[in-house]
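Subject: Handover of a structure and the findings from it

Dear colleague,

Please find below the structure that I am handing over to you. The findings follow after it, in an order meant for a first reading.

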Amino acid sequence: MAPAGRGTVSVCYSPSHAPIRIDPIRKARRDGDFLTLKRLGIVIRIWVLSLAVCAAVVALSFARIDVPTALHFWKAGRFLSPLNETFAAAGVLSVESAVILVMVLLRLIRGHISVFGETLAVACLTSLCAYGFNDHVLKVFFGVPNPTDVIHGTRHSFNLWMGSENSTFPSGHMVLAGAFAGVLMRIYKGSIWPLGVLLLLAAGLLIVGDWHFLSDVIAGTFFGISAGILAGEGRAAHAER
C-alpha cells in the first residue's frame with residue numbers, strides 16, 4: 001500500500017482486483033449455445049403453428065373431402081392397383097435397410113464415410129423409425145378404416161385404440177417418404193423444391209389410386225417431415241461440434 005498523503009488516494013492491489021481474463025473459446029461456446037437455444041425456440045413456435053394449421057386442414061378434409069374424393073377416383077384406382085406391389089412399403093424398407101448396412105460396412109472397412117453418406121444413413125434410419133412408430137402406434141390409436149372398407153359401407157370415423165396396421169391414418173407411405181426427405185431438406189437446402197414436388201406427386205398418386213384419403217396423406221406428410229427435420233437438425237448440430 002502506498003503511503004497516504006494530502007491530495008493522494010491510497011490504492012490497494014490484491015489478487016481480487018486483478019483483471020478477469022475471459023476465455024474466448026468458452027465465450028464462443030456459450031454464445032453459440034445461446035444462439036442454438038434461441039433458434040430452437042423459433043423452430044418450436046413455427047412447428048406448433050404448423051401443427052395447428054395441419055390439424056385444421058385434416059379435420060376439414062376428414063369431414064368434407066375424404067369420402068367424396070375416394071368415390072370420385074374409385075374407378076381410376078383399379079387401373080393403378082398394380083403399382084401397389086411395385087411401390088409397397090416392404091420394398092422401400094428393404095432398400096433403406098440395405099443402404100444403412102452398406103454405409104455401416106463402408107465405415108468399418110474404410111474408417112470413414114462421406115458427409116453425404118452419413119446424411120443418407122440418417123435419412124434412411126429416420127424413415128424406418130418413423131414408419132414403425134406410425135404403423136404400430138399412430139394407426140392403432142386413430143383406427144381409421146381404409147378407403148376400400150369405407151366404399152363398401154364401413155363408417156369413415158376415428159376408432160381410438162381399435163386400429164391395426166391396415167388402418168389408413170396417417171399414411172405410412174407418406175411418413176416413410178416424408179421422414180427421408182425431411183433430413184435431406186434440412187441438410188441440403190437446394191433439395192427442398194425437388195423433394196417437395198416428388199412428395200406432392202406421391203401424395204396425389206396415393207389419393208387417385210384410392211390407397212389413402214386426403215387427410216391421411218396430409219397427416220402422414222406432416223409427421224414424416226417433422227421427424228426428418230428433427231433428425232436433420234441433430235445431424236447438423238453434431239457436425240458443428
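Does Ser 215 count as buried or exposed? Ser 215 counts as buried, because its relative accessibility is 0%. Here buried stands for a relative accessible area under 20%, exposed for one over 50%, and partly exposed for values in between, with a 1.4 Å probe and protein chains only. Accessible areas were computed by the Shrake-Rupley method with a 1.4 Å probe, and for residues only the protein chains shown count as cover.

The model is predicted, with pLDDT of at least 70 required for local features and pLDDT 80 or more for side-chain atom pairs, while totals for chains, interfaces and linings use all residues. Residues are numbered from 1 along each chain as its sequence is written, and side-chain values use heavy atoms, with hydrogens and water left out.

The chain as a whole

The protein chain has nine helices and zero strands. Helices (H or I, at least four residues) and strands (E, at least two) are DSSP runs, numbered from the N terminus. Of the 241 residues in the protein chain, 33% are buried. The accessible surface of the protein chain is about 15500 Å², and carbon and sulfur atoms hold 70% of that surface. Among contacts (heavy atoms within 4.5 Å) with a separation of 6 or more, 75% are between residues 24 or more positions apart.

Ser 215 and its surroundings

Ser 215 lies in helix 9, which covers residues 214-240. Apart from neighbours within four places in sequence, Ser 215 is in contact with Val 58, Ser 61, Phe 62, Asp 66 and Phe 169.

Helix 4

Helix 4 has 22 residues and spans 31 Å from its first C-alpha to its last, close to the 32 Å expected at 1.5 Å a residue. That expected span is 1.5 Å times one less than the number of residues. Ala 89, Leu 93, Glu 96, Ile 100 and Met 103 are buried in helix 4. These residues lie on the same side of helix 4, because they cover an arc of only 90 degrees around the axis; the arc is taken from the directions from the helix axis to the C-beta atoms. Helix 5 and helix 7 are included in what covers the buried residues of helix 4. On the face turned away from the buried side, helix 4 carries the exposed residues Ala 90, Val 95, Leu 101, Ile 109 and Arg 110. Gly 111 follows helix 4 and has a positive phi, near 85 degrees.

Not counting residues up to four places away in sequence, Ile 100 touches Ala 121, Cys 124, Leu 125 and Leu 128. The C-alpha atoms of Ile 100 and Leu 120 are 8.1 Å apart, although these residues are separated by 20 residues along the chain.

Aromatic pairs

How many aromatic pairs does a search of the whole structure find? The search finds nine aromatic pairs. Rings of Phe, Tyr and Trp (its six-membered ring) pair if their centres lie within 6.5 Å, and planes under 30 degrees apart count as stacked, over 60 as edge-to-face and the rest as tilted. The pair of Phe 141 and Trp 161 is edge-to-face, because the ring centres are 5.0 Å apart and the planes stand at 80 degrees. This pair links distant parts of the chain, with Phe 141 in helix 5 and Trp 161 in the loop between helix 6 and helix 7. Phe 141 is partly exposed at 28% relative accessible area, whereas Trp 161 is exposed at 59%. Ring pairs join Phe 62, Phe 141, Phe 142, Phe 158, Trp 161 and Phe 169 into a cluster.

Salt bridges

Two salt bridges are found in a search of the whole structure. A salt bridge is a side-chain nitrogen of Lys or Arg within 4 Å of a carboxyl oxygen of Asp or Glu. Asp 135 and Lys 139 form a salt bridge at 3.5 Å, N to O, and both residues are buried. Glu 233 and Arg 186 form a salt bridge at 2.6 Å, N to O. This pair joins helix 9 and helix 7 across 47 residues. Glu 233 is partly exposed at 22%, and Arg 186 is buried at 16%.

With kind regards
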